[in-house]
Amino acid sequence: MIIEFEVSGQDFKKAGEASFEIKNRLKRLGLPPDIIRRIATATYEGELNVIIYAHKGKVRVCVEDKCVDVTIDDIGPGIPNIQLAMKEGYSTAPPHVKQLGYGSGMGLPNIKKNADWMEIRSEVNRGTNLRFKVNINNKEKA
Amino acid sequence: MKLKDLAEKMGWEIVVRNAPVEAEVKSGYASDLLSDVLANSIEGDLWVTRQTHLNIVAIAVMRDLSGILLSNGVKPDQETVEKAMEKMVPIFRTNLPTFEAVGRLYQLGISGER
């Protein structure tokens, strides 16, 4: 099963709309609650990154037999230094984002924590591709 | 203790009336940083915060929290209340500052241990 959503940059009012729907669908599929929570958390973090930093993006969730495979592609400024962006506490978020309680440099590390596998590719001034997988039968993480 | 019993005992104002309040609350988390709650809350936590914008509802849903307690007398935005009603997330209010609200919960055995 494949679920797809469009996400618009700067639209904080709609933050979570994609993740709400994905969580609901995974629940209907009967996946274990802890697995759904990890997928929902990581997807929400990814959705937020598109809203905070990019012009627009697409969330694509593919439910397979052994894992849930999530891809979040955006058109935006890209990440110049991925290693730095993955560092906990590093953030380039502007003040209005921090005021909402986001942008403290915890998002990408939290995606990594909740996922069993994660990969980021980015091109400056083009966009970022984030992909992560959560195994359906692994209950040992987060 | 059940969420509804906590609310009554503590004298919290109920902000969202249609949300489920039968959940047994065993643990809590206090933070105004949404990123922090996304990373460090655990299932069933009661979240104490003074953030009032509508994204708090999404955080509670994604993390399967039992509810949100707004401290320091802050009032939620109207769109926050509407979103919480739609997603059935219990929200309460207290005039107590966060430290005091959390302290009283702790006395009733609600723990913040991870």
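**Reading the contact and the ring pairs**

Mentor: Between chain B and chain A there are 5 salt bridges, a salt bridge being a side-chain nitrogen of Lys or Arg within 4 Å of a carboxyl oxygen of Asp or Glu. One of them joins the side chains of E17(A) and K83(B), at 2.6 Å from N to O. This is a predicted model, in which local features need pLDDT of at least 70, side-chain atom pairs count only at pLDDT 80 or more, and totals for chains, interfaces and linings use all residues. Residues are numbered from 1 along each chain as its sequence is written, chains are lettered from A in the order in which they are written, and side-chain values use heavy atoms, without hydrogens and water.

Trainee: What area is buried between chain B and chain A?

Mentor: The size of an interface is often given as the accessible area lost when the parts come together. Here the buried area (1.4 Å probe, summed over both parts) is about 2000 Å², and carbon and sulfur atoms give 54% of it. Chain B brings 22 residues to the contact and chain A 25 residues, with contact meaning heavy atoms within 4.5 Å.

Trainee: How is the aromatic pair of W12(B) and F92(B) described?

Mentor: A pair of aromatic rings is described by the distance of the centres and the angle of the planes. W12(B) and F92(B) are tilted, at 5.5 Å centre to centre and 50° between the planes; ring centres must lie within 6.5 Å, with planes under 30 degrees apart stacked, over 60 edge-to-face and the rest tilted. Both W12(B) and F92(B) are buried, that is, under 20% relative accessible area (1.4 Å probe, protein chains only).

Definitions and conventions:
Buried area = accessible area lost by both parts, 1.4 Å probe. Phe/Tyr/Trp six-rings, centres within 6.5 Å; stacked < 30°, edge-to-face > 60°. Buried < 20%, exposed > 50% of the residue type's maximum accessible area, 1.4 Å probe, protein only.
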